[in-house]
Amino acid sequence: MSDSYLERREEIETYFDKTAATTWQKLTSDAPVSGIRATVRAGRDRMRATLLSFLPADLRGARVLDAGCGTGALAVEAAKRGADVTAVDISPTLIGIARERLPEKLGSGRIHFVAGDMLDKKHGKFDHVVAMDSLIHYSLPDMVGMLVRLSDMSLNGIHFTYAPKTPALAAMHVVGKLFPRSDRSPRIVPHATSALYRRISRDEALHDWSLGRNARVSSGFYISHAQELKRA
């Protein structure tokens, strides 16, 4: 991967593992939060449900990679459908929270939490790969490069999100700069849908993949777009 990718990954690791670990622990719980964060929590809940709707209702016997799993909410839901989930996050702190929150009963499913690089091929092959809001901080070339790496690990589909380039999201970025620096999340990089689609269609490494279902979630300070890639 490019130097720009490695630099951004280091910034993101520092943010989620040190700067804002407590904030994310609270945001991803049922604890009271501010009005702005409540809209983000609601948006993330809707996006998680959207991505899960892209997956089969019955995942018994399937391997699922939750790439950038955070505190593990999506991984738990996939496991409850019977999946064997490998949940990877760059932040050891968030992985620790995910392990603490793991329900005692997952039915026939199971989860293996890993602190590390979600693109590492040592994780193996998966029937489905899900990457919720874990690619949104990267440039378009780097994001498509990450999709290429994930395509090598997926047998059937990649279900990911990106930040759509909209006036509303641009305005939120301006407002976000008014927050205390310690309260700011890593910069999100919006992309025009048409530009993303062109880049994917022209990448030789993705020639046997096609665009599938997509859906946008907008909830106050949360705007994200779900996109499916499936083997052609």
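Biologist: Which residues touch the most other members of the largest nonpolar core?

Modeller: Keep in mind that this is a predicted model. V85, I111 and F160 touch the most other members of that core, which holds 64 residues. Helix α6 (residues 140-151) gives the largest share of the core, 7 residues.

Biologist: What is I111 in contact with, leaving aside its neighbours within four places in sequence?

Modeller: Its contacts are A75, V76, A79, V85, A87, L102 and L106. One of these, V85, is also among the residues named for the core.

Biologist: How do you know that the protein chain is as compact as a globular protein of that length?

Modeller: Let's start with what the chain holds: 8 helices and 7 strands. The globule rule gives 17 Å for 232 residues, and the radius of gyration of the chain is 17 Å, so the chain is as compact as a globular protein of that length. Its C-alpha atoms fill a box of roughly 45 × 45 × 30 Å along the principal axes.

Biologist: How many of the residues count as buried, as a percentage?

Modeller: Of the 232 residues, 48% count as buried. As for contacts with a separation of 6 or more, 72% join residues 24 or more positions apart.

Biologist: Why is I95 called buried?

Modeller: Buried means under 20% relative accessible area. I95 has 0%, so it is buried. This residue sits in helix α5 (residues 92-101). Beyond four places in sequence, I95 touches C69, G70, A87, V88, D89, F113, V114 and A115.

Biologist: What makes R60 exposed?

Modeller: Exposed means over 50% relative accessible area. R60 has 60%, so R60 is exposed. You can find R60 in the loop between α3 and β1 (63-67). R60 still has contacts beyond four places in sequence: R81, G82 and S108. Between the C-alpha atoms of R60 and S201, 141 residues apart along the chain, the separation is 32 Å.

Biologist: What is the phi of D133, and where is D133 placed?

Modeller: D133 has a positive phi of about 55 degrees although it is not a glycine. Most residues other than glycine have a negative phi. The place of D133 is in the loop between β4 (126-131) and α6.

Biologist: Why does D133 count as buried?

Modeller: Its relative accessibility is 11%, and buried means under 20%, so D133 counts as buried.

Biologist: Let's turn to a pocket. Which residues line the second largest pocket?

Modeller: The lining is made of L27, T28, S29, D30, R41, R44, D45, R48, A73 and R101. Helix α3 (residues 35-54) gives the most to this lining, with 4 residues. The volume of the pocket is about 180 Å³.

Biologist: How do you know which of these lining residues are charged?

Modeller: Asp and Arg are among the residue types that count as charged. The lining has 6 charged residues, alongside 2 nonpolar and 2 polar ones.

Notes
Residues are numbered from 1 along each chain as its sequence is written. This is a predicted model: local features need pLDDT of at least 70, side-chain atom pairs count only at pLDDT 80 or more; totals for chains, interfaces and linings use all residues. Side-chain values use heavy atoms; hydrogens and water are left out. A nonpolar core is a set of buried Ala, Val, Leu, Ile, Met, Phe, Trp, Tyr and Cys residues joined through side-chain atoms within 4.5 Å. Buried means under 20% relative accessible area, exposed over 50%, partly exposed in between (1.4 Å probe, protein chains only). Helices (H or I, at least four residues) and strands (E, at least two) are DSSP runs, numbered from the N terminus. Contact means heavy atoms within 4.5 Å. On a 1 Å grid over the protein atoms alone, a cavity is a set of points where a 1.4 Å probe fits but cannot get out, and a pocket is an open set with protein on both sides within 12 Å along at least five of seven lines; lining residues have an atom within 4 Å of a point. Grid points are joined across faces, edges and corners, and a volume is the space filled by probe spheres set on the points. The radius of gyration is taken over C-alpha atoms; the globule rule is 2.2 Å times the number of residues to the power 0.38.
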